[in-house]
Amino acid sequence: MSALAVLRTAPDGAATGATAVLADWWEQVTTPQPAPARTTVLVVGVVVLAALTVPGLWHLLRHGLTIVHEAGHAAVAVLVGRRLSGIRVHSDTSGLTVSRGRPRGPGMVATVAAGYPAPAVLGLAAAWLLSRGYALGVLWLLLLVVVLVLLQIRNWYGLWAVLVSGAVLVGVTGWAPAAVQTVVAAALTWFFLLGAPRAVLEMQAQRARLRRRGGRDQSDAGLLAGLTRVPAVVWVGVLLLVCVALLVVGGAWLLAAWPA
């Protein structure tokens, strides 16, 4: 075979190999996995809930919620036509998403309001997938979110937090047995569903402390109050109601889907 022939056939072979890899990956993602007993899913949920009440664990786990929180701001900013400038995640678990566009109006309100419900929305999507047996699909969905945030991260600590999260997901997705993947996917789903209202309550507690000190309210609820003239406490209630509603629906999907 001539060198020219080799040059001509190699790309086709590479393309065939890539197609085979993609086909194998798609088959894995779309193939339902064995579901654990409902008791196992319930126990996983209780363990996650307990972890969210431990201050040290909450501070560590809160970084995952912050990453998704900022991803929610960023996604809605792009959807409403704003120009995304970057995302920051800080060691105190706070975050910042910077976008450019009109400083007021419905688009800005939607962008600011999207942060706290974002983990609950992601948890709801994960619960829907899990209810149909697609545990691996849940892990790939979360990995996609991490990769998209990674492309916009603009500080070193945020880069570290996102890379660690991505490495954990890659490890579980690539090497863990199917049973472990299912339990991890269920734990992460519970984490986002339960953690979302927990974060809203934390915001309100921080607002109360800040008010006692006479500080300026820079929370999402405070920003929404400035944009809409609706009191911040009303926005806290709205965000909490949305997160709790998504928790109820997602939890019902999780518990009803698994065989007893």
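Me: How many salt bridges are there in this model?
Reply: The model is predicted, and the count is taken from its side chains. A salt bridge here needs a side-chain nitrogen of Lys or Arg within 4 Å of a carboxyl oxygen of Asp or Glu. By this rule the number of salt bridges is two.

Me: Which residue forms a salt bridge with E202, and how many residues apart are the two?
Reply: The side chain of E202 meets that of R62, with N and O 3.0 Å apart. E202 belongs to helix α8 and R62 to helix α3, so the pair links distant parts of the chain. The partner is R62, and the separation is 140 residues.

Me: Are E202 and R62 buried or exposed?
Reply: A residue counts as buried under 20% relative accessible area. E202 has 17% relative accessibility, and R62 has 8%. Because both values fall under the cut-off, E202 is buried and R62 is buried.

Me: Which residue forms a salt bridge with D217, and where do the two lie?
Reply: The closest N and O atoms of D217 and R207 are 2.7 Å apart, which makes a salt bridge. D217 lies in the loop between α8 and α9, and R207 in helix α8, so the pair ties together parts 10 residues apart in sequence. The partner of D217 is therefore R207.

Me: Which side chain of opposite charge is nearest to R82, and which backbone oxygen lies 2.5 Å from a polar atom of the R82 side chain?
Reply: R82 is found in the loop between α3 and β1. This residue is buried yet has no salt bridge, and the nearest side chain of opposite charge is 12 Å away, that of E70. The backbone oxygen in question belongs to R102.

Me: Which helix gives the largest share of the lining of the largest cavity?
Reply: The structure holds one cavity of 30 Å³ or more, and the volume of the largest cavity is about 30 Å³. Its lining consists of R62, L65, T66, H69, Y116, P119 and A199. By class, these are four nonpolar, two polar and one charged. The largest share, four residues, comes from helix α3.

Me: What is the volume of the largest pocket?
Reply: The lining of the largest pocket has 33 residues, with G95, Y116, Q218, S219 and D220 nearest its centre. Nine of the lining residues are nonpolar, 13 polar and 11 charged. Among the elements that each supply at least two lining residues are α3, β2 and α9. The volume of the largest pocket is about 790 Å³.

Me: Which element gives the largest share of the lining of the second largest pocket?
Reply: The second largest pocket has a volume of about 680 Å³. It is lined by 24 residues, of which L61, G64, S165, L188 and F191 are closest to its centre. The lining divides into 21 nonpolar, three polar and no charged residues. Eight residues, the largest share, come from α7.

Notes
Residues numbered from 1 in each chain as written. Predicted model: local features only at pLDDT ≥ 70, side-chain atom pairs only at ≥ 80, totals over all residues. Heavy atoms only, no water. 1 Å grid on protein atoms, 1.4 Å probe; cavity = no way out; pocket = protein on both sides within 12 Å on 5 of 7 lines; lining within 4 Å. Points joined across faces, edges and corners; volume = space filled by probe spheres on them. Nonpolar A, V, L, I, M, F, W, Y, C, P; charged D, E, K, R; others polar. Buried < 20%, exposed > 50% of the residue type's maximum accessible area, 1.4 Å probe, protein only. Lys, Arg positive; Asp, Glu negative; His and termini not counted. Polar contact = N/O pair within 3.5 Å; in protein donor to acceptor, adjacent residues only side chain to side chain.
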